[in-house]
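The stops below go from selection to selection, with a note on what each one shows.

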Amino acid sequence: MVQIDILTLFPQMFQGPLSSGIFKRATDRKLVGISIHNIRDYTHDKHHIVDDYAYGGGAGMVLKPEPIFEAVEAIKPDVPAEDGIEALRIILLTPQGRLFCQQVALELSACNHLILICGHYEGVDERVREYLVSDEISIGDYVLSGGEFAAMVVADAVVRLVPGVLGSEASPIDDSHATGLLEYPQYTRPSVYRGWAVPEILLSGNHAQIAKWHREQSIIRTLERRPELLDKANLSVEERQLLSQAKSSLEGR
Ligand code: ADE
């Protein structure tokens with residue numbers, strides 16, 4: 001079982017997301033355990049103060065180190081390490097972190113325990129970064145008011161990769177980005193809707209031809225929308241040929 005602990009100042013923000021969809025499915029099936037912890041519960045003063053003024057001045061408050069360290073230390077021993085599985089990552093969500101992508105989601109889904117700490121953009125005491133966390137992750141080059149939505153994004157992308165969560169009917173293998181390419185176009189019934197027909201090949205029942213069409217469409221779509229992804233994609237000689245054909249026809253448009 002994969003355990004995800006989320007440390008936040010706003011536990012109620014997680015109520016909706018955790019009680020439906022992928023999170024509910026994964027936790028109901030006991031494939032994933034998700035616990036939300038209020039950082040404020042790890043303060044010792046009467047007013048449960050979690051932030052303070054920045055040394056040296058400057059705008060905004062800074063999250064104090066003590067409650068964050070104490071929360072992580074209280075959570076840590078609950079999950080024993082399993083042989084061969086990377087045990088624990090302690091991750092701070094921050095716009096200064098490593099950019100999150102499918103590769104990072106895959107890497108994290110191989111761990112058996114993640115602790116996600118929701119930072120706040122005014123700042124977190126630097127000693128949390130230096131002496132507590134193993135990773136800092138950003139979900140994109142923009143600033144959110146806190147790490148909560150980022151933690152949900154990371155948890156969602158990771159949880160769906162945990163074996164058994166998606167069930168046998170769906171597979172994350174063909175997902176956009178899983179192959180290094182964007183996913184091919186998808187269709188379902190009816191085969192003709194308002195006069196718009198589904199590509200004939202998909203109705204042919206010829207699995208080899210369909211697989212080829214899927215790969216071609218992925219390449220064309222990636223070329224049109226995210227050409228920079230093609231530099232890193234693992235393409236066969238035949239696919240490289242297809243790519244140059246697609247490039248010339250795009251240029252000729
Ligand atoms: N906290 C604020 N902005 C963030 C971002 N872009 N990614 C992760 N955590 C954040």
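**Stop 1: Gln3**

Select Gln3, which is found in strand β1; helices (H or I, at least four residues) and strands (E, at least two) are DSSP runs, numbered from the N terminus. This is a predicted model, in which local features need pLDDT of at least 70 and side-chain atom pairs count only at pLDDT 80 or more, while totals for chains, interfaces and linings use all residues. Residues are numbered from 1 along each chain as its sequence is written, and side-chain values use heavy atoms, with hydrogens and water left out.

Is Gln3 buried or exposed? Gln3 counts as buried, at 12% relative accessibility. The classes are buried under 20% relative accessible area, exposed over 50% and partly exposed in between, with a 1.4 Å probe and protein chains only. Show the side chains of Gln3 and Asp5: a polar contact of 3.3 Å links them. A polar contact is a pair of N or O atoms within 3.5 Å; within protein, one must be able to donate a hydrogen and the other to accept it, and residues adjacent in sequence count only if both atoms are side-chain atoms.

**Stop 2: the nonpolar cores**

Move to Ile4. Contact here means heavy atoms within 4.5 Å. Not counting residues up to four places away in sequence, Ile4 touches Val32, Gly33, Ile34, Ser35, Leu114, Leu116, Ala155 and Val159.

Next, colour the largest nonpolar core, which has 32 residues; Ile4, Leu108 and Leu116 touch the most other members. A nonpolar core is a set of buried Ala, Val, Leu, Ile, Met, Phe, Trp, Tyr and Cys residues joined through side-chain atoms within 4.5 Å. Two or more residues of this core come from each of β1 (2-8), α2 (21-28), β2 (32-38), β5 (86-99), α4 (102-109), β6 (111-118) and α6 (148-159). Which element gives the largest share? That is α6, with 8 residues. A second, separate core has 18 residues, including Leu9, Leu63, Val124 and Leu132. As background, nonpolar side chains in soluble globular proteins tend to be buried together.

**Stop 3: the ligand**

The ligand is surrounded by Leu93, Thr94, Pro95, Ile137, Ser138, Ile139, Gly140, Tyr142, Val143, Leu144, Gly146 and Ala150. Both β5 and β7 (135-138) supply at least two residues of this shell, and β5 has the largest share, 3 residues.

How many residues of the shell are nonpolar, polar and charged? The shell divides into 8 nonpolar, 4 polar and no charged residues. In this count Ala, Val, Leu, Ile, Met, Phe, Trp, Tyr, Cys and Pro are nonpolar, Asp, Glu, Lys and Arg are charged, and the others, Gly among them, are polar.

Now check distances from ligand nitrogen to the backbone:

- Ile139: a polar backbone atom is 3.0 Å from a nitrogen atom of the ligand.
- Gly140: a polar backbone atom is 3.1 Å from a nitrogen atom of the ligand.
- Leu144: a backbone N or O atom is 3.0 Å from a nitrogen atom of the ligand.

On its own the ligand has 260 Å² of accessible area, and the protein covers 99% of that. Accessible areas come from the Shrake-Rupley method with a 1.4 Å probe; for residues, only the protein chains shown count as cover.

**Stop 4: Ser134**

Go to Ser134, in the loop between α5 (126-131) and β7. Ser134 counts as partly exposed, at 46% relative accessibility. The side chains of Ser134 and Asp135 are joined by a polar contact of 2.7 Å. Leaving aside neighbours within four places in sequence, Ser134 is in contact with Arg89 and Ile90. Ile91 is 43 residues from Ser134 in sequence, yet the two are 6.1 Å apart, C-alpha to C-alpha.

**Stop 5: backbone details in the loops**

Select Lys30, in the loop between α2 and β2. Phi of Lys30 is positive, near 60°, in a residue other than glycine, and Lys30 is exposed, with a relative accessible area of 62%. His48, in the loop between β2 and β3 (51-53), is not a glycine but also has a positive phi, about 50°. His48 counts as partly exposed, at 38% relative accessibility.

Finish in the loop between α6 and β8 (192-193), where Thr188 is placed. Thr188 is exposed, with a relative accessible area of 66%. From Thr188 to Ser138, 50 residues apart along the chain, the C-alpha separation is 35 Å. Pro190 lies in the loop between α6 and β8, and a cis peptide bond with omega about 5° joins Arg189 and Pro190.

Definitions and conventions:
Near = heavy atom within 4 Å.
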